[in-house]
Amino acid sequence: MTAVQQQTRNAITLKGSAKLVTDYLNYGINSILFQRGIYPPESFKAEEHFGLSILVSTDEKINEFLQSVLTQMKDWLMQEKIQKLSLVVTNTSTKEVLERWDFRLEYEKENVKEENGELVGNKELTVIQKEIKDVLRQICSTVSFLPLLDAPCEFDLHIYTKPDCEVPAEWNETGPCFIANSQELQLRSFSTSLHKMNTVVSYKTE
Amino acid sequence: MAQFSFLNDLNSAVRMDEPITKGPVPRWQKKTLEPSGGINSSLNLSKGKISASFNASSSGMPKTPKQSDAMAMKKTPSKTPKKSPGKTPSRTPTRTPSGGDRFIPSRTGTNFELGHYKLNQQENEREDDGLSPAQKDNRQAMKETLHGCDISQTRILAFQKKAPAPPEGYVNPLKVLYSQSKTPMSAKATSRYIPHAPDRILDAPEIVDDYYLNLIDWSSTNILAVALGNSVYLWNAATGNIDQLLELEGQDYVSSLNWIQEGNLLAVGTSLGCVQLWDATQNKRLRLMDGHSQRVASLSWNTFILSSGSRTGQIIHHDVRQREHQVALLSSHTQEVCGLKWSPDGKYLASGGNDNMLYIWSGIPGQASYQTTPLYSLSAHQAAVKALAWCPWAPHILASGGGTADRHIRFWNCNIGSCFNSIDTKSQVCGILWSSAFKEIISGHGFANNQLIIWKYPSMAKVAELTGHTARVLHLAMSPDNTTVLSAGADETLRLWKCFVPDPLKKKEVKDSAPIHSILKQSIR
């Protein structure tokens with residue numbers, strides 16, 4: 001009996017893993033929007049997540065957009081359809097791409113067992129949360145070296161999926177975005193034992 | 001070149017036995033034929049070809065010149081095969097010494113670059129098919145690194161309804177991080193005089209430019225301890241004498257310093273994780289305390305308890321009187337502890353780390369038992385918390401400053417664990433000190449202005465900005481008489497600012513009022 005309890009405590013389901021990944025993306029994206037000054041700082045409020053105070057947007061339209069993208073993403077994550085999510089920052093007037101944050105996903109097959117028809121990983125939640133916390137903190141500190149976004153900017157989220165993925169009506173296909181003369185920086189990565197997330201920021205060098 | 005064709009002309013003219021028709025064409029005939037057939041065709045019809053051949057040969061591509069040479073040859077009239085197109089330009093001026101029938105091509109109107117591009121475009125497309133497998137693999141690999149995945153196997157999707165653009169007229173507030181502009185001073189002018197230039201500048205060669213270390217401290221006996229590289233120097237502020245206290249061996253360097261309240265003992269933390277106790281009056285080492293596995297970046301005394309914070313995030317309380325000196329181990333921080341300060345009454349210990357956390361620990365003065373869980377965990381800062389200072393007149397109030405990504409000074413009431421004020425300083429906060437005489441605080445900053453700012457407390461109106469450092473201010477220390485602030489900069493200078501010198505008139509008032517107070521007290525008794 002105790003052995004069973006032990007096992008369930010250390011287990012993470014596919015659903016839980018997808019939730020953690022989308023939570024990370026939500027707070028990571030909010031943090032980027034605040035730290036890079038894309039929206040006015042007055043429209044953000046501090047919330048406690050993963051043991052950090054993270055500034056989350058209070059703008060309804062932004063939240064609605066993020067929620068609709070991330071809920072769709074969670075479905076695709078469960079079906080292992082997603083390769084990566086890109087946050088693209090473009091200059092509003094010239095449409096030039098200034099910065100791209102890539103959240104690359106890998107699906108891990110090691111240490112994964114199937115229990116009651118569900119995929120289950122074996123990593124402890126506190127360890128995962130600590131790893132996520134470290135990446136989120138790194139995102140905050142990037143402000144000290146990334147170039148200033150001088151002109152008004154807007155952002156968009158692009159999801160790179162596998163070709164056999166079902167696409168709902170409100171989604172469009174677009175082309176890849178490049179930054180001319182870019183520099184790339186790999187941040188820390190984290191793994192839920194089911195999903196592995198690599199965060200990379202590319203920015204324009206002068 | 002010209003003389004050869006002339007020779008040819010001459011030769012054919014000399015052959016008398018051949019019919020006259022094969023001889024050189026009469027000059028007038030040549031003229032009418034030449035421009036229309038020779039030059040015109042080469043410039044108008046095969047404009048692109050010629051330019052292509054010229055450009056290609058200059059860039060040194062092996063294939064193209066041959067091809068285009070052949071093409072150009074075909075285009076030139078068969079009638080004059082000897083004359084290669086290269087010759088014609090040099091010849092034309094000699095043929096037309098004067099007159100209006102010269103053909104001058106207008107090269108400004110011809111788009112050679114476009115022509116060249118159009119020509120090469122087709123060739124490049126052809127080249128794409130003729131790639132070797134190795135080159136194809138290479139190209140594929142390039143594509144994959146560029147996109148981060150195999151793009152032909154991927155669909156890129158975007159949500160139709162886009163996020164809203166930022167409000168009209170909004171300017172990125174982070175501009176302050178990158179610009180040199182000065183932030184406005186408070187409108188109300190202060191009545192007192194603050195010298196804007198440093199009183200003295202001392203050299204500090206080889207001071208380690210590391211935000212996380214604590215390398216200067218000023219004792220209550222008016223001796224300033226400075227760590228430069230692997231040595232510690234003592235500067236007697238009254239006499240100006242400099243003594244070397246210690247020098248570490250090998251790669252080891254001093255990472256932190258702290259004077260005991262009485263001012264005779266100096267605690268020194270090293271990069272190898274040792275904490276040393278030095279008697280400054282006899283220049284003698286008294287104790288060596290281990291316990292940390294990485295460098296000791298911060299130290300703070302509370303009577304006989306010395307607390308040390310290390311790069312591992314651990315804080316150890318050492319009881320310097322005991323043989324087993326380690327009395328408590330606090331391991332809440334996950335990264336380097338760069339700020340560590342006991343409150344003046346010894347009730348609280350504040351610790352700030354590179355993990356952006358500020359912890360308040362409770363301590364009971366005179367007791368050697370310490371809790372290993374923090375009283376408050378404060379996560380409001382968005383960057384490393386190095387600058388910590390307790391209010392001298394209200395011992396439960398703490399000021400803390402964050403690093404580059406945060407730039408805020410926050411004020412905490414540690415009795416209830418809440419932040420009651422915060423201000424954006426627009427620059428990295430490296431150090432904070434309080435002035436109890438003026439109820440002001442002074443903060444040291446990094447990029448862009450490397451300045452010290454004096455703020456009025458609690459309104460946080462800016463009183464003065466002291467500039468002079470050419471690199472960021474790393475550490476701040478206050479003289480024991482609370483009049484002079486010392487700032488150590490990454491520009492390897494120590495600057496002394498006499499910014500809290502009391503007004504002589506005001507000082508008198510205080511002296512006058514003091515005896516009256518005591519008399520009153522006596523009479524009541």
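Predicted model: local features only at pLDDT ≥ 70, side-chain atom pairs only at ≥ 80, totals over all residues.
Modeller: Residues are numbered from 1 along each chain as its sequence is written, chains are lettered from A and ligands numbered from 1 in the order in which they are written, and side-chain values use heavy atoms, leaving out hydrogens and water.

Colleague: Why is R36(A) with E99(A) called a salt bridge?

Modeller: The term asks for a side-chain nitrogen of Lys or Arg within 4 Å of a carboxyl oxygen of Asp or Glu. The closest N and O atoms of R36(A) and E99(A) are 2.8 Å apart, so the pair qualifies.

Colleague: What makes R36(A) buried?

Modeller: Buried means under 20% relative accessible area, exposed over 50%, and partly exposed in between (1.4 Å probe, protein chains only). R36(A) has 1%, so it is buried. E99(A) is buried too, at 1%.

Colleague: How do you know whether R472(B) is buried or partly exposed?

Modeller: R472(B) has 22% relative accessibility, so it counts as partly exposed. Its salt-bridge partner D209(B), at 3.2 Å between the closest N and O atoms, is partly exposed at 45%.

Colleague: Why does K462(B) count as buried?

Modeller: Because its relative accessibility is 9%. K462(B) meets E465(B) in a salt bridge at 3.4 Å, N to O, and E465(B) is buried as well, at 8%.
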